[in-house]
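Please take a moment to look at the sequence and the model shown here. We will walk through the fold together, step by step.

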Amino acid sequence: MSTQVSSNQSGNLMNLSAVVITSIGVLSSFLTIFMNIYFIKKITKTRNKMILFFYRIFLDVAYGAIACSYMAFCILYSYFTDRFKEQQVFIVYLGFPLQTTAAIRMTIAVAISIERVLAVFTPITFHNYRHLCPTVIVLILAISLGTLENLVLFQSCTLNLSNIPKNCGVLRCAVDACFFSYWASDRSAMFALNFIFSGLLSIKLIFFNKPQHGNGHKEHSKINHLALLDAANVFLCDFLPTSTSNYVTQFKFTSFENVGPYIFVIKLIGIAIETCLIYWILRKRTIKTSIVTPLQR
């Protein structure tokens with residue numbers, strides 16, 4: 001979640017530095033959207049074993065679009081607080097879909113890590129029984145868990161849209177401690193699962209992976225690399241900023257007034273960089289395929 005607002009009532013909620021940082025997040029979201037739309041156009045050429053990655057690509061497009069709208073509104077509300085006081089509830093209306101999409105994406109990332117571990121450690125069993133768990137079930141489960149966050153807020157916690165502080169420009173200060181506690185616990189569990197399975201996959205690939213050849217092995221190798229790339233992005237650009245946010249915000253320099261919703265910005269930058277690396281990996285494979293195939297003929 002974003003850091004809580006800490007600013008003067010008489011001035012803007014964001015300084016110029018915060019606006020610049022938030023704008024970087026907006027630009028990153030645009031890059032993510034356009035790059036992933038390119039991937040979506042290629043989906044018909046992709047094997048079924050990569051469908052979980054393309055679920056995540058669709059989610060990245062949605063996340064980028066919502067994040068762009070959310071951060072643009074944060075900037076507008078910061079500089080035109082009185083003019084947009086009636087629209088302040090959009091902090092919640094945009095913030096919650098953003099958090100829900102992030103939760104769904106995290107669940108898909110965990111599913112990818114689990115699938116890769118099963119494929120690497122038990123390849124024969126995985127090949128024989130993978131069809132018993134269609135990927136659409138994973139998607140439905142991810143959407144259900146993401147939606148559960150909203151149910152917790154409205155059923156178990158308190159949300160009073162009319163009592164949001166005037167100087168609140170992000171979602172965290174618009175919800176109560178009840179929801180934030182649940183959100184932190186839920187994210188911690190998902191982070192732990194992702195780290196465990198990604199760690200197992202890394203150990204297997206680094207220390208116990210036997211060199212093999214063939215198109216099938218190259219395909220699996222590419223998918224494993226994408227899974228590890230996604231896990232690294234989650235750790236560096238999601239887990240670290242989120243877990244240290246309570247300590248970082250104790251300093252005036254890192255307040256919302258100076259750095260804006262930096263957690264969202266870091267996450268968006270990470271997704272944009274990951275998207276570019278995925279493009280490089282997929283393009284590298286396409287180039288190799290186009291060169292080798294004519295020679296094989």
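What follows is a short tour, from the overall layout to a few individual residues.

This is a predicted model, in which local features need pLDDT of at least 70 and side-chain atom pairs count only at pLDDT 80 or more, while totals for chains, interfaces and linings use all residues. Residues are numbered from 1 along each chain as its sequence is written, and side-chain values use heavy atoms, with hydrogens and water left out.

Let us begin with the overall layout. The protein has 9 helices and 0 strands; here helices (H or I, at least four residues) and strands (E, at least two) are DSSP runs, numbered from the N terminus. Of its 297 residues, 46% are buried, where buried means under 20% relative accessible area, exposed means over 50%, and partly exposed is in between (1.4 Å probe, protein chains only). The accessible surface comes to about 15,300 Å², and carbon and sulfur atoms hold 66% of it; such areas come from the Shrake-Rupley method with a 1.4 Å probe, and for residues only the protein chains shown count as cover. Among contacts (heavy atoms within 4.5 Å) with a separation of 6 or more, 84% are between residues 24 or more positions apart.

Which residues of α5 are buried? They are Thr135, Val138, Ala142, Gly146, Glu149, Asn150, Val152 and Leu153. The cover over these buried residues includes α2 (51–79), α3 (90–121) and α6.

Now for the interior. In soluble globular proteins, nonpolar side chains tend to be buried together. A nonpolar core is a set of buried Ala, Val, Leu, Ile, Met, Phe, Trp, Tyr and Cys residues joined through side-chain atoms within 4.5 Å. The largest one here has 37 residues, of which Met14, Tyr63, Tyr70, Met71, Phe96 and Phe179 touch the most other members. At least two residues of this core come from each of α1 (16–41), α2, α3, α5, α6 and α9, and α2 gives the most, with 9 residues. Apart from this core lies another, of 25 residues, which includes Ile57, Val120, Val138 and Leu229.

Charged residues come next. Side chains of opposite charge can pair when their charged atoms come close. The whole structure holds 10 salt bridges, each a side-chain nitrogen of Lys or Arg within 4 Å of a carboxyl oxygen of Asp or Glu. In one of them, Asp60 meets Arg105 at 2.5 Å, N to O. This pair links distant parts of the chain, with Asp60 in helix α2 and Arg105 in helix α3, 45 residues apart. Asp60 is buried at 1% relative accessibility, and Arg105 is buried at 3%. Arg105 also forms a salt bridge with Glu274, the closest N and O atoms being 3.4 Å apart. Through shared partners, salt bridges join Arg56, Asp60, Arg105, Asp230 and Glu274 into one network.

Another salt bridge joins Asp82 and Lys166 (2.8 Å, N to O). Asp82 lies in the loop between α2 and α3, and Lys166 in the loop between α5 and α6, 84 residues apart. Asp82 is exposed at 52% relative accessibility, whereas Lys166 is partly exposed at 44%.

Finally, look at the cysteines. How many disulfides does the whole structure have? A search finds 1 disulfide, meaning a pair of cysteine sulfur atoms within 2.5 Å. It joins Cys157 to Cys178, S to S 2.0 Å, and the link is left-handed, with -60 degrees about the S-S bond. Cys157 lies in the loop between α5 (135–155) and α6 (177–207) and Cys178 in helix α6, so the pair ties together parts that are 21 residues apart in sequence. Cys157 is buried at 10% relative accessible area, while Cys178 is partly exposed at 34%. Cys74, by contrast, is in no disulfide; the nearest cysteine sulfur, that of Cys168, is 9.0 Å away.
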